[in-house]
Amino acid sequence: MPEATSQTRTRSPRRGLTRSLILFAFIAFFGMYMLRGIPGEVARWKMAAAEDLFFAERFDPAFAMAADAQRWDRDNVFFGTEQARWNRQTDNLSAALESLNATLETANGDKDATAELLIQRADLLQAMDKHTEALADVEKVFELLKLARSPSDENKRYVPQRVNTRAYFIARARAAQQASDKQLGEALEDMRELMRYWDVNLNSTRLHDVSPIGKMQFRVTELGYLDTYAYLRLLNREVGPALHDFNRCIAMCDHLMALAVSLSSDTRYSAEMQSFLYILRDHKAVILYHRGQTHELLQNDAAAIADFQAAKLLGFNKKLGRW
């Protein structure tokens, strides 16, 4: 027993030193881990303050604060896209483009993030009447994500939302006389196929999410597709069918807005329904403008003027992307 006690006493300092070193290493590692998140947290605080300043219409301090936030977290894509949105709202489209260009450089090979940024840039370029550059960005998205334009293409991924976006951007370019007959024909055929695919294959998706939010999202998506299809038909001089489809769109929009108002009284869905109402107002503004153009071609002058005025009241604005 005495020998064992003696050995224990001689080893204790070493054991204590080892434990201290392990504890110190753990504390250092934990401290570094905790400190690593500080720049991002500071950046979020600063960006939140910038948003408050922007909503208070203190634009110069808001942009300065947002730039400071970005210095703390240069890889945060949201900061760049938010500044681009603010620049659009303050009618500074060139600065908005600079923000998106800079943000694209920080995407760091993230294909999905890059695709979203390219779509946002294409939308901005069209507001600047640079339709050729905008369509080039949309084609880059299809190449980057290896997307198909037709559901029959088994070698690529078919994403209806992206097909609709491409077709709609072509429609805008055609309206500005910056898209060819070939591009218009492609977009129209793509949308005809999409509408058939949606009707035949996607009705089952209604059963996948039976919540009011899921149903609303499904119907809003459907509304967007029908508007794109109708707009392309109008540009292809299928005026009668286009007017029929636009009337359907307006009826769908009014029904969904009434439904959103009704559901917004339920606290479970109130915030989401307010968001849907905002989206639907934007959709209705665009559809009314398109229908006004249709009435114009049919020489229904009074109906055209009424639709154009109603669209303007709801916020139709090319520079903000609401067109």
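Which residues of H13 are buried? They are Ala 304, Asp 307 and Ala 311. Buried means under 20% relative accessible area, exposed over 50%, and partly exposed in between, with a 1.4 Å probe and protein chains only. These three residues cover an arc of only 65° around the axis, which puts them on the same side of H13. The arc is taken from the directions that run from the helix axis to the C-beta atoms.

This is a predicted model: local features need pLDDT of at least 70, side-chain atom pairs count only at pLDDT 80 or more, and totals for chains, interfaces and linings use all residues. Residues are numbered from 1 along each chain as its sequence is written, and side-chain values use heavy atoms, with hydrogens and water left out.

Stay with H13. The helix spans residues 301-313, 13 residues in total. Helices are DSSP runs of H or I with at least four residues, strands are runs of E with at least two, and both are numbered from the N terminus. From first C-alpha to last, H13 reaches 19 Å, close to the 18 Å expected at 1.5 Å a residue. That expected span is 1.5 Å times one less than the number of residues. Helix H12 (270-297) is among what covers the buried residues of H13; contact here means heavy atoms within 4.5 Å. The face turned away from the buried side carries the exposed residues Ala 302, Gln 309, Lys 312 and Leu 313. After H13 comes Gly 315, with a positive phi near 105°.

Now the aromatic rings. A pair of aromatic rings is described by the distance of the centres and the angle of the planes. Rings of Phe, Tyr and Trp (its six-membered ring) pair if their centres lie within 6.5 Å; planes under 30 degrees apart count as stacked, over 60 as edge-to-face and the rest as tilted. The structure holds 12 aromatic pairs. In one of them, Tyr 158 and Tyr 197 have ring centres 5.0 Å apart and planes at 80°, so the pair is edge-to-face. Tyr 158 sits in strand S2 (residues 157-158) and Tyr 197 in helix H9 (residues 181-201), 39 residues apart. Tyr 158 is buried at 14% relative accessibility, whereas Tyr 197 is partly exposed at 25%.

Tyr 168 and Tyr 231 have ring centres 6.0 Å apart and planes at 45°, so this pair is tilted. It links helix H8 (residues 160-175), which holds Tyr 168, to helix H10 (residues 212-235), which holds Tyr 231, 63 residues apart. Tyr 168 is buried at 11%, and Tyr 231 is buried at 4%. Elsewhere, ring pairs link Phe 54, Phe 55, Phe 59, Phe 63 and Trp 86 into a cluster.
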